[in-house]
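Work through the exercises below with the sequence and the 3D view open. Try each task before reading its solution.

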Amino acid sequence: MSTNELLTDVELQAAFESCTLPRAAWNHRAHVRMAFVYASRQPPASALAQMRQGIQAYNASQQVPEALDRGYHETMTVAFMRLVHDGLTRNGPFPDSESFCDRHPELLD
């Protein structure tokens with residue numbers, strides 16, 4: 001499993017939540033894909049809470065230090081969850097996270 005683009009949403013979520021996703025696969029696209037997975041299945045507050053918990057657990061499993069330039073960032077997480085939710089409500093539904101990313105390349109910059 002070298003890139004998350006090869007994983008289905010179910011596979012990505014399972015690997016992320018079990019903290020078995022290779023660190024190299026936990027890139028920006030994977031963050032956006034997981035935000036989509038959570039935001040498309042539950043209310044915004046619950047999706048944010050699950051994303052926050054998931055990132056913090058994954059980072060801890062990978063021994064990512066908490067610092068200003070790495071680790072969990074609350075402001076970025078909240079902002080991206082809001083952007084993903086907005087993309088879903090304006091342009092959804094989408095069949096999967098890859099379709100969402102393809103429709104919203106601005107979130108991948």
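## Exercise 1: a loop residue

Cys19 lies in the loop between H1 and H2. Helices (H or I, at least four residues) and strands (E, at least two) are DSSP runs, numbered from the N terminus. This is a predicted model, where local features need pLDDT of at least 70 and side-chain atom pairs count only at pLDDT 80 or more, while totals for chains, interfaces and linings use all residues. Residues are numbered from 1 along each chain as its sequence is written, and side-chain values use heavy atoms, with hydrogens and water left out.

**Solution.** 
- Step 1. Place Cys19 in the chain: Cys19 follows H1.
- Step 2. Apply the cut-offs for relative accessible area: buried is under 20%, exposed is over 50%, and partly exposed is in between (1.4 Å probe, protein chains only).

## Exercise 2: the buried side of H1

**Task.** Which residues of helix H1 (residues 9-17) are buried, and what covers them?

**Solution.** 
- Step 1. List the buried residues of H1: Asp9, Leu12, Gln13, Ala15 and Phe16.
- Step 2. They cover an arc of only 170° around the axis, so they lie on the same side of H1. The arc is taken from the directions that run from the helix axis to the C-beta atoms.
- Step 3. Look at the cover, which includes helix H2 (28-39), helix H3 (44-61) and helix H5 (97-103). Contact here means heavy atoms within 4.5 Å.
- Step 4. Check one residue. Asp9 counts as buried because its relative accessibility is 10%.
- Step 5. Leave out residues up to four places away in sequence. Asp9 then touches Arg33, Phe36, Val37, Arg41, Asp96 and Ser97.
- Step 6. Turn to Ser97, which is in helix H5. Ser97 is buried, with a relative accessible area of 0%.
- Step 7. Leaving aside neighbours within four places in sequence, Ser97 is in contact with Asp9, Arg33 and Phe36.

## Exercise 3: how H1 meets H3

**Task.** Describe the packing of H1 and H3.

**Solution.** 
- Step 1. The angle is about 55°, and the axes are 9 Å apart. Axes are lines fitted to C-alpha atoms, for helices over the stretch in contact, and angles run from 0 to 180 degrees between N-to-C directions.
- Step 2. Sort the angle: under 35 degrees is roughly parallel, over 145 roughly antiparallel, 65 to 115 roughly perpendicular, and the rest oblique.
- Step 3. H1 and H3 are therefore oblique to each other.
- Step 4. Name the partners. Gln13, Phe16 and Glu17 in H1 meet Gln50, Gly54, Ile55 and Tyr58 in H3.
- Step 5. By class, this contact has three nonpolar, three polar and one charged residues. Ala, Val, Leu, Ile, Met, Phe, Trp, Tyr, Cys and Pro count as nonpolar, Asp, Glu, Lys and Arg as charged, and the others, Gly among them, as polar.

## Exercise 4: a link across the sequence

**Task.** Which residues does His28 touch, not counting residues up to four places away in sequence?

**Solution.** 
- Step 1. Locate His28 in helix H2.
- Step 2. His28 is partly exposed, with a relative accessible area of 30%.
- Step 3. The residues touched are Phe80, Leu107, Leu108 and Asp109.
- Step 4. Take Leu108. His28 and Leu108 are 80 residues apart in sequence, but 6.8 Å apart in space, C-alpha to C-alpha.
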